[in-house]
Amino acid sequence: MDRARVVLAIALSSLVLIGWQFAARYFSPPKPAPQQEPVDRPTAQNPNAQNSNASSAAQAQNKPGQNQPGQNKPGQNQAAAAAQPAPAARPTEAPPREITVETPYWTATFSSRGAVATSWVLKQYTTKRGDRKISAAHYGNLELVPQGVSADSDIGAPFKMHVGDDLELSNHINRANFAIEGVAEGEQHITLEPGERREIIFRYLDSNVEARKTFTFEASRLVFDVTARVTSGGNQQPVSLQVGPRIGDQSDNQTGSYSTPPQVVAFDRAGNRTSVVAASINEPIAEIMAVDPASNRIALEDPVFGLKRIKLVAADEITFLGYANIVESSPDGLALTLDSLPQGTAPGASVARVTDVLRQGYQWAGDVDHYFTMVAIPLQPVGEISFMNLHTRVPDIDVVARDYQSVLVPVDSEKVTRVFVGPKDRELLARIGNEFGTDFEALIDYGMFSFMIRPIVPVIGGALDGLAALFHNYGWSIVLVTIIINLALSPLRWYSSKKMKKAAKHQPRMKELQDKIKKLKDNPKKHERELQQLQQEQMALMKEANPLGGCLPLLLQMPIFWAFFVYLTISLDVRHAPWILWIKDLSTPDPYMILPIVMCVTMIASTKLTPQPATADPSMKMQRVMMTWFMPIMLTWFFFLNAPSGLVLYWMVSNLVGVVIQLVINKVTAEPAPTTGGPSGDGKKANGVSKQGDGSRKRKASGKEVVEVVK
């Protein structure tokens, strides 16, 4: 049914276009116009693009085999073509226009220039508990697309076309104004009601190039369909659509260990997740040693082979300077002649590849940040994907340079590519993954222990969501779930405490055995039998009271604690959720650092209450002081001062409950203190034994006093 509607729409559109051309020629014959070569405009990000395009055009004129938009195809008779009058067919470029498509979940704005999305405001998404509103980090509209960036810039915009390796053809299309079909001429805002479906077609046509891009939206879904097709000289060209750049909350400037950096994520058919951080994309491959501005020639430290186009970055190896085409390369690859030198090209700068390529058969690939994503899902796995990144600053938008990473996904004109734009909500991603038969939840980074953590996260999430619905406060749900987890794990803490106390009780004997063994090892052959006896006794003592046995139960708790940590740092439920008084957002740090300080105190108290073996070794005493005082302070300073309040709250409550449980365990497992009697003579009496001042010891045995001389 959908394909029939598409074919019918194409047929009707073609009929209108052809009929209009005949009618226009009949009623208003066109005046002959001189033939002109298409002129590319310079990009906003590369001020040298004009020189680059001029140089490329000159090269194209010297290469008759190169097929340029608006030029004759190779093999045509140039003399006959020159004798003919200038062709009347001109590019059917439409006037600039913007169309806004609004659904219950988002509002997207498309520009006819390049047929790209210039804005994508996410409003809400659906959960099991109903529709959940979403706002930006500053509580305004959540804009996912960088502003102030056009399709024909170096950064580009979502759904920008990349036509194989043909840069000139790509630029020609992305700088053209497409006609918009499926939308009335005066219609600028399209609102889709629940259950409604709408198809919008962007089309560009000139004498040599035809480009077509189709979007199909449904009001009830966060997923839509897209197809693209480019024909040049009568031949269909391979096309990739750009997913990105830098999709995410554009108002969120938070960085650090608790924020996911902008990155590209892909999932192949073997079930492997690949993520590449923006800063690692298109890394420099050779440093520029010398520059000759007169000839646009650069000398490199390392050879470069097999590239037609390069990216130039500044001496800091990250800041984008511009692109350049390689006109000529020396045989050793150490010298390149470029069509232009971007501003800032100097010794110390570097060259890099324009794109990095992965070849694995990918089920989906997308652009993600900490909470949000744009992902392309082809019907069939694609053989390769490309991705690119520019570390640059958009004028009048960015205060500092930022990473603008994108992934290029091949698309088919016959088979739709599904695109998801929305939040990285665990339940939402699981539903979409089940619908498309893929692991869409792999968009969430669970860390290196994901195989252990992923099964635990839904349990923790369900408990937190249930209590949050009951108390209408996510902070108190964190407190209650933390208490429940610690009480459930208290038997492990009990077992650990008993083991540690046994180790402390036997520590003097263990130290005595270690000293004896050390002395006897000076002459092991002479004391072989005695050594064996002491070692056997040492092994038996370690088996009975191994301090590592007390640590093992604590290690068993780590997957639960880590799952809790992961959930609190990725969950949208915690984002913008208040707790009490000054804690307005559990996903951001405590502005007054009260929670981290209290958490540090609880860490110190928990360490001091943990049973530890007695020791007279000064180094061991110093180590305990470091573990008790220095380590909690350092952990708080480096990891928790800027941690999300929800995570600090969880850790603080866990420590407080642990202190209470440890106090109870210490009281219950405490050994009875020895009873002390009154003075007897000149000595002191304890447990029926008294020590005399003259060095003798008196004890009672069978009702009689027996005096022993203490030697």
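Predicted model: local features only at pLDDT ≥ 70, side-chain atom pairs only at ≥ 80, totals over all residues.

**Notebook: a buried aspartate and a surface patch**

I started with Asp 369, where the backbone nitrogen of Tyr 371 sits 3.1 Å from a polar atom of the Asp 369 side chain.

Next I checked Phe 372: its backbone nitrogen is 2.7 Å from a polar side-chain atom of Asp 369.

Where does Asp 369 sit? I found Asp 369 in the loop that links β23 (356-368) to β24 (372-378).

Then I looked for a charge partner. Asp 369 is buried but has no salt bridge. The nearest side chain of opposite charge belongs to Lys 424, 5.8 Å away.

Which residues does Asp 369 touch, leaving aside those up to four places away in sequence? I listed Ile 247, Gly 248, Asp 249, Thr 260 and Lys 424.

I moved on to the surface and met a nonpolar patch made of Met 448, Phe 449, Phe 451, Met 452 and Trp 562. Together these residues have about 570 Å² of accessible area.

I placed Met 448 in the loop between α5 (426-436) and α6 (450-453). Why does Met 448 count as exposed? Its relative accessibility is 69%, and exposed means over 50%.

Last, I noted the whole protein chain. I have 15 helices and 32 strands written down. Of the 711 residues, 46% are buried. The chain exposes about 37,100 Å², with carbon and sulfur atoms supplying 58% of that area. Among contacts with a separation of 6 or more, 66% join residues 24 or more positions apart.

Conventions: Residues numbered from 1 in each chain as written. Heavy atoms only, no water. Patch = residues over 30% accessible without salt bridge, like charges linked within 9 Å, V, L, I, M, F, W, Y side chains within 5 Å. Areas by Shrake-Rupley, 256 points an atom, 1.4 Å probe, with all protein chains shown as cover. Salt bridge = Lys/Arg side-chain N within 4 Å of Asp/Glu carboxyl O. Helix = DSSP H or I, 4+ residues; strand = E, 2+ residues; numbered from the N terminus. Buried < 20%, exposed > 50% of the residue type's maximum accessible area, 1.4 Å probe, protein only. Lys, Arg positive; Asp, Glu negative; His and termini not counted. Polar contact = N/O pair within 3.5 Å; in protein donor to acceptor, adjacent residues only side chain to side chain. Contact = heavy atoms within 4.5 Å.
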